[in-house]
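Here are my notes on the model, point by point. Please read them with the structure open.

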Amino acid sequence: MLGGDESGEAAATLPLDFGFEDVWRTFPRVSTVWYQEMEKQPLPTDDEKTDAGESEVNGYAGEESQQGSSSTRAGWNSKIEYFLAQVGFSVGLGNVWRFPYLCHQNGGGAFLLLYVLLMLLVGIPLFFLELAAGQAIRQGSIGVWKYISPRLAGIGYSSCVVCFFVALYYNVILAWSLFYLGNSFQHPLPWEQCPEHGNVTVKECEKSSPTSYFWYRKALDITDSIDETGSFNIYIVCCLLAAWTVVCLGMFKGIKSSVKVMYFSSIFPYVVLFCFLVRGLMLDGALEGISHMFYPKLEIWADVQVWRQAATQVFFALGLGFGSIIAYSSYNPKNNNCHRDAFTVSFINFLTSVLATLVVFAVLGFRAKNKVIECVVSNLKELSEQFHSVYVDQRLMPAFNYSDPKSVALEDYRSWFKQYGRFVPGNLTDCDLEKEMQKGVEGTGLAFIAFTEAMSLLPGSPFWSALFFLMLLNLGLSTMFGTMEGILAPLSDRFKTLANNKTKLTIFSCIVGFVIGLLFTQRCGNYFVTMFDDYSATLPLIIVVVFETFSVSWLYGADRFLDDIEAMLGWRPSVVYKYLWKYICLLAMLGLLLATTIRMFIARPTYMAWNQEKASEEYLEYPGWALAVLASLIVFAMMPVPVALIHALLQDRRNPRSRDTEIGQYSIVSTVDTPMTDMSELDHKNGVATSVS
């Protein structure tokens, strides 16, 4: 598509822009190889495909066409299905437990403005690039980048490897959610109070909190460090098996089965978030929490680390580089408005993050208010004891009724403490709501400790707990479907044998994922989840997107790509995208890559551990063997890129071929609904050499 000549005659060759060609003259040997490679045919036009339009109804595949032969490719039944899948993948657990924390720690409203800026300049253009590439070539990530150049096939394989790493630990989080969901159907909740052994409260729980104790000791039964492996946690093993079973059943028939689950899993979280928002706004302290969120601190814009965190969040929130965006868009008809989709999905994602942040701040504001009230009560009880046991100057005593602590307003206590607190003997403290709100928590700490503690304070706590963990389960499930599609679709497109046995491939992948995932069900498993979450995806995905952006905007050519999109959509996107892809996005991703790499090497990597004796969290450095595992994850994820490049160069050296036969080496394998034929083969048969669009 995209610029092909319908008459079958060779299209006129368009020269590359002067600056890019001038660069290649500096490297004559390399430029010749790459120029010949990039000079192949434009992306396939719809007319050149094999009667794809006959199987489409209003641009989307009908039920009958989805049951076609194995030589056709699956398609969405409706635009709603596609949106549910794309939104379900991009809106995940990070929107609930990562974005609120970043907003909390980095200036509230100022961070929101910075996030929107980066989303508009970097996130949406790259999201649009992946949507357009997938929709145009109608292949998974391997097929898309190999179609652009066989030397770039490694980008798609790296995306598959990263998706597999993410799927391994992401499903463990779903297993934890299942465990908590199962424990929510009892009253009182098992994490509301500390357990007692022989009328004596368990020391570890007494030193920490009921929710922390239940998470670290009952759910994880965690060791003190990653060096201590411990036995398997049978409850988490069973929950992990259940999680992989649900994923396997949902992916059993590809997008036809997974999208049916998404009708619930993609919509239900919004219902729960709105319920929590309404309930949260009715809580004492909710308004203080929300005002803390929106209070802008513009000075944070001068902090480079804040820019890095905002860019990273934009990057992961949209799911760039995973290959799932490409896979989902590859099932679209060629005239689908992917430009509008890019903006729609991105802003739904952002608004979901804001909604989740409102909910989190409202509920955590309620939790913080309760903690400072407990602080006031505790301090006034101590003040009363001091007054009766030791001499305290009467002039230092407060004017309010300190003998009834619960009747004392927080503002009255703080006003008295600031004036006289330091002169009163004892260990009285200032009960500061602002400081309590600043004790931000993220990730599992937010979901399984802070939020569960807040819910235990609500009337009908089992109901709210079950609702919350069912929401987490559905958020994670939609993302898992997208992640698995980012693995299965590219492999099925690339290898005909796998395409003919996709159900077996799905089952086999889930079995392998469960077996390897047992690593995370050991007592030290949470530390490996942290390792995978922090290092297995971040750096490799940034590198993948750098290669994607460079290959499309410079190697293939941003102008050519816009020509292709114009032929596909019937109108040409703004030339602004050319400069965003070639300069702004590429420089931003290179800057993020540099900042992330420097941060990794400045200080030795650490992880959050639980010390059973102290009953508190502490940061520990990874041991040497763990650093080796960490490094191997990054290297293994990136290895396909240079391997594919070297393999392609060796193939070229062993089998010198004409341009026509070279571009015909890749035969596209489709799966179920929109047929597609390799254009190089058609041109070769017709004796026509395709040219640069």
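**Notes on the model**

1. Cys194 and Cys205 form a disulfide, with 1.9 Å between their sulfur atoms. A disulfide here is a pair of cysteine sulfur atoms within 2.5 Å. The pair links distant parts of the chain, 11 residues apart: Cys194 is in the loop between H8 and strand S3 (196-197), and Cys205 is in helix H9 (residues 203-207). The torsion about the S-S bond is about -85°, so this disulfide is left-handed.

2. A word on the basis. This is a predicted model, in which local features need pLDDT of at least 70 and side-chain atom pairs count only at pLDDT 80 or more, while totals for chains, interfaces and linings use all residues. Residues are numbered from 1 along each chain as its sequence is written, and side-chain values use heavy atoms, with hydrogens and water left out. Helices (H or I, at least four residues) and strands (E, at least two) are DSSP runs, numbered from the N terminus.

3. Are the two cysteines of point 1 buried or exposed? Cys194 counts as partly exposed, at 24% relative accessibility. Cys205 is buried, at 1%. The cut-offs: buried is under 20% relative accessible area, exposed is over 50%, and partly exposed is in between (1.4 Å probe, protein chains only).

4. The structure holds 2 disulfides. Cys375 and Cys431 form one of them, their sulfur atoms 2.0 Å apart. Cys375 lies in helix H17 (residues 338-389) and Cys431 in the loop between helix H18 (410-420) and helix H19 (433-438), so the pair ties together parts 56 residues apart in sequence. The S-S torsion of Cys375 and Cys431 is about -75°, so this disulfide is left-handed. Both Cys375 and Cys431 are buried. With the bonded cysteines numbered in sequence order, the pairing is 1-2, 3-4.

5. Cys510 is buried at 4% relative accessibility. Cys585 is also buried, at 0%.

6. Now helix H8 (residues 153-183), which contains Asn171. The helix has 31 residues and should span 45 Å at 1.5 Å a residue; its end C-alpha atoms are 46 Å apart, which agrees. The expected span is 1.5 Å times one less than the number of residues. Of the 31 residues of H8, 27 are buried. Asn171 is buried too, with a relative accessible area of 0%. Beyond its neighbours within four places in sequence, Asn171 is in contact (heavy atoms within 4.5 Å) with Leu240, Ala243, Trp244, Val247 and Met480.

7. Helix H11 (residues 234-250) has 17 residues and reaches 24 Å between its first and last C-alpha, close to the 24 Å expected. Its buried residues include Leu240, Ala243, Trp244, Val247 and Cys248. The buried residues of H11 pack against H8, helix H10 (210-219), helix H12 (255-265), helix H21 (461-494) and helix H23 (502-517).

8. Backbone points to check. Most residues other than glycine have a negative phi, and most peptide bonds are trans. The bond from His187 to Pro188 is cis, with omega near 0°; Pro188 lies in the loop between H8 and S3. Arg138 has a positive phi of about 55°. Arg138 sits in the loop between helix H6 (109-137) and helix H7 (141-148) and is buried, at 0%.
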